[in-house]
Every structure is written in structure tokens, then in C-alpha cells.
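User: I am new to this structure and would like a short tour. Please show it, and I will ask as we go.

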Amino acid sequence: MTSATHSTLFPQGSGPGQFPAPPQGADAVLDGLDPEQREVATSLRGPVCVLAGAGTGKTRAITHRIAYGVHAGVLQPSSVLAVTFTNRAAGEMRGRLRQLGVSGVQARTFHSAALRQLQYFWPKAVGGSLPRIVDRKIQIVADAAAACRIRLDRNELRDVTAEIEWSKVTQTVPADYPAAAHKSGRDIPRAPAEIAQLYRTYEDLKRERSVIDFEDVLLLTVAILQDRHDISEQVRSQYQHFVVDEYQDVSPLQQRLLELWLGERDNLCVVGDASQTIYSFTGATPDHLLDFRTRHPGATVVKLIRDYRSSPQVVHLANGLLAQATGRAADHRLELISQREAGPEPSYTGYADEPAEAEGAARRIRDLIASGTPAGEIAVLFRTNSQSATYEQALADAGVPYQLRGAERFFERGEVREAGAALRGAARFGANDALLDDAVDLPSQVRAVLSTKGWSSRPPAGSGAVRERWESLAALVRLAEDFARARPESTLTDLVAELDERAAAQHAPTVDGVTLASLHAAKGLEWDAVYLVGVAEGMMPITYARTDEQIEEERRLLYVGVTRARQHLSVSWALSRSPGGRPNRRPSRFLDGLRPGSTGAPARAGQAGTGGIERGTGRPDTPTARRTARTPARCRVCGRTLTEAGEMKLMRCEDCPSDMDEGIYERLRDWRRIQAAELGQPAYCVFTDKTLIAIAETAPDDIGELARIPGVGARKVGRFGAAVLTICAGGDPGGADEED
């Protein structure tokens, strides 16, 4: 497993474990970049929007952009703020910049950058010290529920907490929550009015206790920057260039903070892919990415479509998934082009039931490891964490080491521990337990006991913690059914012993093994081999995805899973839940027309996004068109990037041939000597030697052409422009000078 920025096709240094030497000069930073990545790196004039498909090297492009700007003398490291969405990504960006010879750039998450500013300005803006930030808000939510006399179980507490978080990042106040939740079609754990009441009371309790939460860090920073012009100007004077990664996942609150950082400027580079928007349930929206060109009509848009991660076979499937997508994000899809050698075709396998699917995957993984693929370069990806138990057991039975990412181990989950304790107690009391009075066999005993912990014969609606808890308990019920089928005479005591043995076997120390992860947790990672399991209707898309928007997000989630694979990709599904069950499932609709033997709807009409560059053209009367920004200076003779001040004035390298008019140069020197004497100043205060050479080489015909020569400037054009143009035209400058 590696981060998704790794690729063997990118230069990785001179040997194993070694870092490449920092580039010598700005042009060396551009070595090894493809044309589109190079355009990202050299487009230092904002605004810039980078639409980067999966595996196209977006992190490489934006870190080289910063490094190129610094080495070219256009960017000061301390004036750059690069914003990412995880601490891991921010740390990786800082590491890459160090390898490129750049230090001092602030690469942080939105929250980290905001907290740093909040801590610094709080004494000035509010007074005193910043209130304590609560580690976990769920206890305050519980206290709010008690104050409102609303009973919430542990899972409802978690879901209500998530609703409060969503409200805050979408800038929804308690009074507006019911309407906002209805408009967004959210599955909520309680009545909207109750959640609004809990939200309001939660905020009141925080104020009483003088504490703030994670979302308040952003809200308070926004409030200070909005209310205190002096503070916002201080922040803007510090940070003048901004880079935002994963821009498709920005929330309305984060976008507002970014706008306040920017002010009226447009030195902004955003990077994202609308086809990888998979966190809408948290308040993230790709609208800011998709509307970027509307907000910034002068923006340069660069599309990265060269996929350095995945084989052509994997890329073909990924493109096929998006070809049938609908909605706004689909209108901006990018068609990837693999840059790798051909690999094996993705495999598609249907199994009779879920245990058979898990065992089949485990066998194939064991064979793949035996053939030389490291266990750490293999992943099993599923839709929900509740699916992990079956695969944990199958891999353990096959002797394959594994590790869980982004989730607790199955037997470490709170609801599973509670269920185990309840089953253990029922086994101990046996016939004396009233719960078991009507139970006729082992499965019915387990169902009776677990019904007190949240299990029911029908799954709950929605996608929150209640559903996850039910899925875990349902997995235990299915395990009991399988156990009783294999051992008809077994008792509840036998089942508890079996559970203890399984838990002990799966509590071994974490090793470098096969990764088990949900599709959400896999974002930003990649492996040589990926097994996408449970790709059946009801799980992909998930049953509670009902609206067109929710269905399309499920499609994008599968796309993210497919694009995690470099070489080997396996897609599988089960026709029934348990052995002997009715085979009433079918493969996911997303595979229709893609897997062998299937038919499906034709690809959507319309052209997928291709690679390349689109340059914006702001209207002349717009602020975007009027503003200018520094861009790298290039030698007009050889094209090399110029970094020395003298070379930039000449617009050529010192050793490149000059086309200077010697006569003009000598007349300019004579005139400068006279002007300096009259002003009582050194000659270089009129124009430096380099500026005179640049003027003599350019021989400008008008004021505009003269003003564009480095070292001249508006003030000197106003004072000396007429005389200089007269000299360049071969005339006598006497009497042509203009006074201030």
C-alpha cells in the first residue's frame, strides 16, 4: 500500500530509500513533467483550475508549481499557503517540497491553518486566551439530550452529533435545520424539530462551559476575518498565493474561509476531480470546483488525464463506469489515458453466497502472494465496515496476514463486544433466561438475545450509526446460522466458545498484511492488486441510496475503488447472503455493459473531457482582466527561465548574444550623465546600466513598449519617457524631459 501520489513512472531518486538531489535552478524543477503538468507548474498567474483525473500526478504537479515559482523568484515561500484535507497529505506535500529544495511553505489542513490564525489573533480580537477545544463533542450532545429530556441511545447520539457537524459546515443555524435537512434529502435519526432543539441546546452548553468544537475553529476564524478589517489585511499581507487540493470536497464553510483569505486577489490554484466526490453526506460539494470558471472568467484550466497509476485494462473499466454516469459531475468527467504497459484484464466472479465469495477472494489472494506480490500491495475493498468480518475470518483461515484501515476490528467494535457479553450471560443462565423461552434452536436463541441490543428482522432505514450497528449484529446472527448448520447439535455455549476463539485469532498484533478497508477509507491510496467485493445490488449502490444524486455518488464511489488498482483488479459479488439461501441477488447495475456477457445502457452522449489547457479571457472592464501578476521571466534568445535581477531586466541570459543598438546605448549614457548632474544624484538613480542596455536592445517606439521594459516603471516613464523615446527615434532629447 502506498499513497496515491506514488508511481514507478515518476522519478523516485537514484536508488532504494534515497531522496533525489534538489533541482539546480528553476528549469530543473520542470524535468520529468508531462506537458500538462508543466503547464500547471509554470502557470503562476492566478486563477488556475487543475482538473486532475485519478492517478494523473496532481500532487506532483502542484508541488512542482510551488517549487518552480520559488526557484524562479516569483513566489516567496512564506507567502504561500497550500491547503489539503488530511494531515497525512499535508505532511507529504511538505516532504516533497523539501526534496525540491523548498522550505518555509505552509502546507496545512483547513482546520490547522485556521487554528493557527485563531490562536494568534484571539487575544487581539476577543481578549484573553482561546477557549479549550473539546476532543469529543458527543458528551455535550448527551448532556443536551438530557436537558431537553430526549432519550438517545449511543448510536442515535453519534448520528445527532453528525447532523450538528453537517449543519455547522453548511452554515445552517438551529432554526433553519429542519428546512435545510428536508431540502438536502438527509436520512436523519430523529424528528427535525428535535434535532434542531438538541443543536440549539448543544450550542448553549458550549457557551456556558467556555469550550469550542472542531467546526467552531473555522466559524470563529471566519467571524474574526469578516469583522476585523485590520486582522484580515494582516493575514492577506502574509499569504499572497494559495493552493487548494481536493477542491471537490470543500464545504461551504471552508469556501467562505478561503474567500476571506483571498480578499480581492485571484492568486489561487485549485485542484480536484468532480468524479471523485464521495463525501457529500458531510457537507462537501463539487459545486465550487465546477463553478470556478464562472467565478473566475479569466482562469486558466488545465486537465490532467495521463494516468500513471493504472494499467490500460483498469483504466478502460474506470472510463466505462463514468461513461454511463449522469448529473453535473458527469458532465465534467475526464477520460483517462493509461501510461503504463498492458496488464491482465479485470476479473469478474459471481459466488453462490457471501462466505463463498470471501473464501474465493482469500484463496486468490494467497495464490497471488505465493506468486510474488507482497501482501502489503493487496487490498480488499468493501462498501460498509460491517462486511469486514467475513473477510477477516476468510483471510485468517487461509493463513493470510491482514490489517484493517479506517475501522475497528470486527470483534473490537462496541456493539459486538456488548453482543458477546449478552450471549455469554444467556449461555451461563441457560433455561433460567426468560429471553430464551420461545427459542427452539441456536439461531433463534441468538436472535432473541441480540434483539435486546438493536437487531431486528428488518434493517433500519438510513445510513448512519443505527444501520452500522444493525449490520454488525446481523453478521453475528448469520454466523450463528452458519455455525448451527455445520454443527446441528451445538449449543449457545459452543457458539460463545467459537466467538472467543475467532476473536483471539483476529487480535494478533497488526502486521504488514493485506489491507481491508471501506471504499471511503481507501481514498488517496493505491495497491498493485485490488479486490472489490460485494459489488451487488443492495450494496453497490447501497439500499438507502434512493435519489439520482445518491445513486451517482455510489457510482463515483465504485470508480474510486477501481482506480486504486495499479495492475490486478478483481470484482466479485454473491448471489445470496448465506449458504443454501435464495439466489435473488444480481451484480451491480454499474457493471451492466462492462462485465463480459452483460448488456447495459449505452454510454451517455457527449464528449468526455480531454487533456489540455483552456485559457480564460476576462472582459477588459473586469477586475480580473485589469489585475496583473508576476510570471516567470524567460530569455528571449534561448528560452531559459531567468532568475537573476540583471538578466530579467535584459530579458536574456548574460551570455546570450545581444542585439543592442550601440548608437542608442551611447546616446542614452550621455543623456543619463547630464540628467544625473542636474538632479544631483548618481547616474544609476536615473537608469541602471542593465536598464539602458534593455532599452537599447528593445528600441521602443511608444510609451507602452517602454513601460514594459523591466526597471523602467510608471514614475520614470512619466519623468523621462519622452526624452528616451526621442533618443531611440534618433532625435535630440533637449527640452523633451517632463517634470514631476
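Predicted model: local features only at pLDDT ≥ 70, side-chain atom pairs only at ≥ 80, totals over all residues.

User: What percentage of the residues count as buried?
Analyst: The protein chain has 740 residues. Buried means under 20% relative accessible area. By that cut-off, the buried share is 54%.

User: How many helices and strands does the chain have?
Analyst: Both kinds of element occur in the protein chain. The strands number 20. The helices number 29.

User: Which residues have the most contacts inside the largest nonpolar core?
Analyst: That core has 41 residues. One of those with the most contacts inside it is Trp261, which also touches Leu81, Val83 and Gln117, among others. A second, separate core has 38 residues, including Leu321 and Leu569. For the largest core, the names are Phe110, Val244, Tyr247, Leu257, Leu258, Trp261 and Leu268.

User: How far does helix H9 reach from its first C-alpha to its last?
Analyst: H9 covers residues 192-209, which makes 18 residues. At 1.5 Å a residue, 26 Å is expected. The helix comes close to that, reaching 26 Å.

User: What covers the buried residues of H9?
Analyst: The buried residues of H9 include Ile195, Leu198, Tyr202 and Glu203. Their cover includes strand E6 (211-212). It also includes helices H6, H7, H8 and H10.

User: Which residue follows H9?
Analyst: Its phi is positive, near 55°. The residue is Ser210.

Methods
Residues numbered from 1 in each chain as written. Heavy atoms only, no water. Helix = DSSP H or I, 4+ residues; strand = E, 2+ residues; numbered from the N terminus. Expected span 1.5 Å × (residues − 1). Buried < 20%, exposed > 50% of the residue type's maximum accessible area, 1.4 Å probe, protein only. Contact = heavy atoms within 4.5 Å. Core = buried A, V, L, I, M, F, W, Y, C linked by side-chain atoms within 4.5 Å. Lists of a residue's contacts leave out its neighbours within four places in sequence.
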